[in-house]
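Here's a quick walk through one protein model, from its sheet to its pockets. Have your viewer open as you read.

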Amino acid sequence: MKEWTKEIEIDAPIEKIWDLFDGSLEKMQKIMPQVIGNTPVKVTEEGVGTIYRQQYKEGKRIEEYDVETLEYLNTPNHKKMKVGFTLANLFEITAGYEVTKINEHKTRFKYSTTNKPLKAIFKLFLWFASDKTVVKFVERVKEIAEEENALVK
């Protein structure tokens, strides 16, 4: 299994950033444009156990999988969500999104992900995997959140 974590400070209020993860498909697509569908299958009151059927477009291929919320916390100063899914029966993936309020206009964003190959042949591929995708994602969240925050001012 391979694990990556990246943190960044974002010049935007905590709610503005959280809304990109815990809001509508339209808002989610701003930071994850390859996600083309996110339909609720099972919604729980506490968040944990909620399942969404998600469609992801990679080139001309569309993958469909169920994303389950494994952890969920939503307080005014700290918000956290961890989801898990199996991609193409090849990898078990988790993604964790955590935002912590620094002040009214600044937030710390932490993204963590794990990737566990389900077939031995794919373990070798992970050996060479870098954190480039994780770094790009964190930078994209920062860029989108700060752009949207500037529009509100």
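## Ground rules

This is a predicted model, so local features need pLDDT of at least 70 and side-chain atom pairs count only at pLDDT 80 or more, while totals for chains, interfaces and linings use all residues. Residues are numbered from 1 along each chain as its sequence is written, and side-chain values use heavy atoms, with hydrogens and water left out.

## The sheet

Seven strands make an open sheet in the order β1-β7-β6-β5-β4-β3-β2, with antiparallel pairing. Strands here are DSSP runs of E with at least two residues, numbered from the N terminus, and two of them pair if DSSP finds at least two bridges between them.

β1 (2–10) and β2 (35–42) sit at the edges with a single partner strand each, so one side of each has no neighbour in the sheet. On average, neighbouring strands are turned by 20 degrees against each other, direction ignored (axes are lines fitted to C-alpha atoms).

β5 (residues 78–87) runs antiparallel to β6 (residues 91–103), and 10 bridges join them. Pairs to look for include M81 opposite Y97 and G84 with its bridge partner T94. The hairpin has three residues between the two strands, and A88 in the turn has a positive phi of about 55 degrees.

β6 then goes into a hairpin with β7 through two residues. These two strands are antiparallel and joined by 12 bridges; I93 stands opposite N115 in β7.

## The pockets

A pocket is an open set of points on a 1 Å grid over the protein atoms alone, where a 1.4 Å probe fits and protein lies on both sides within 12 Å along at least five of seven lines; lining residues have an atom within 4 Å of a point. Volume is the space filled by probe spheres set on the points, which are joined across faces, edges and corners.

The largest pocket holds about 1,500 Å³ of space. Of its 48 lining residues, Y56, Y65, F85, I93 and Y111 lie nearest the centre. Strand β4 (residues 61–74) gives the largest share of the lining, six residues. The lining splits into 29 nonpolar, 12 polar and seven charged residues (Ala, Val, Leu, Ile, Met, Phe, Trp, Tyr, Cys and Pro count as nonpolar, Asp, Glu, Lys and Arg as charged, the others, Gly among them, as polar).

The second largest pocket has about 180 Å³. It is lined by 13 residues, with E71, K80, K82, G96 and S112 closest to its centre. Its lining divides into two nonpolar, five polar and six charged residues.

How values were computed
Helices (H or I, at least four residues) and strands (E, at least two) are DSSP runs, numbered from the N terminus. Axes are lines fitted to C-alpha atoms, for helices over the stretch in contact, and angles run from 0 to 180 degrees between N-to-C directions.
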